[in-house]
Amino acid sequence: MSFWEYVANRHQQLLTDAFQHVSAVFQCMVIATVLGVLIGVVSYRSGWGSSVAITSTATVLTIPSLAAIGLLIPLVGLGVAPTVITLTLYGLLPVVRNAIVGLRGVDPALVDAAKGIGMSRTARLFKVELPLAWPPILTGIRVSTQMLMGIAAIAAYASGPGLGNEIFRGIASLGSANAINQVLAGTLGIVVLALLFDAAYVLLGRLTIPRGIRV
């Protein structure tokens, strides 16, 4: 059976796996973005706090993703839980780092002007600092998403959702008729989804970042 015949015969399962893959990455990126920006907001004013935040989240990336999922299985079991925890932790570093860089890069004169017209610290954060820091934050989100698209495939080791199941099934049955087709379908599916995600972020940037800031 050729690769395209395999895809045609298995398209329903492949679409289901692709949807689950996208859903897992998207939901984990939402959580990682909220946590990452929050950590950045809390720590960016302090050199020591920023170093701790970046070092802590960077340490997570030194742990092999397969090992991280394996260590979580005895604690939270198989399936969605170890997938969500692992992806969220791995997605933090680029968001935290770029949030800190973006917030520190805001022109102090603009913050002082906002303070001068009576804005509270919370209002300055949400109306001045975070909007101006949004471009680097969005870049961090894009980087994290690309990483998580690949790492999510490893979640199949813990019975997690996504296209990793195709890859693992193919590897487990190497030598059989469709083993290579399974690995190729899972791999190409992840690549295509990653490109679509990135295109969506480019569009989001054009819609949410004023042209003056982009330039």
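**View 1. H2 packs against helix H5 (residues 80-90) at an angle of about 50°, with the two axes 8 Å apart.** Axes are lines fitted to C-alpha atoms over the stretch in contact, and angles run from 0 to 180 degrees between N-to-C directions. The crossing of H2 past H5 is right-handed, the near helix being turned clockwise from the far one by less than a right angle. Helices are DSSP runs (H or I, at least four residues), numbered from the N terminus. The model is predicted: local features need pLDDT of at least 70, side-chain atom pairs count only at pLDDT 80 or more, and totals for chains, interfaces and linings use all residues. Residues are numbered from 1 along each chain as its sequence is written, and side-chain values use heavy atoms, without hydrogens or water.

**View 2. The largest pocket holds about 250 Å³ of space.** A pocket is an open set of points on a 1 Å grid where a 1.4 Å probe fits, with protein on both sides within 12 Å along at least five of seven lines; lining residues have an atom within 4 Å of a point. Of its 13 lining residues, Val7, Leu14, Ala185, Leu188 and Gly189 are closest to the centre.

**View 3. Helices H1 (3-9), H2 (11-43) and H10 (179-208) each supply at least two residues of the largest pocket's lining.** H10 gives the most, five residues. The lining has eleven nonpolar, two polar and no charged residues.

**View 4. Residues 18-201 carry the UniProt annotation "domain: ABC transmembrane type-1" (unreviewed entry).** The span is 83% helix and 0% strand, and its end C-alpha atoms lie 19 Å apart.

Notes. UniProt positions are given in the numbering used here, feature names are shortened, and annotations may be inferred rather than shown by experiment. Grid points are joined across faces, edges and corners, and a volume is the space filled by probe spheres set on the points. Ala, Val, Leu, Ile, Met, Phe, Trp, Tyr, Cys and Pro count as nonpolar, Asp, Glu, Lys and Arg as charged, and the others, Gly among them, as polar.
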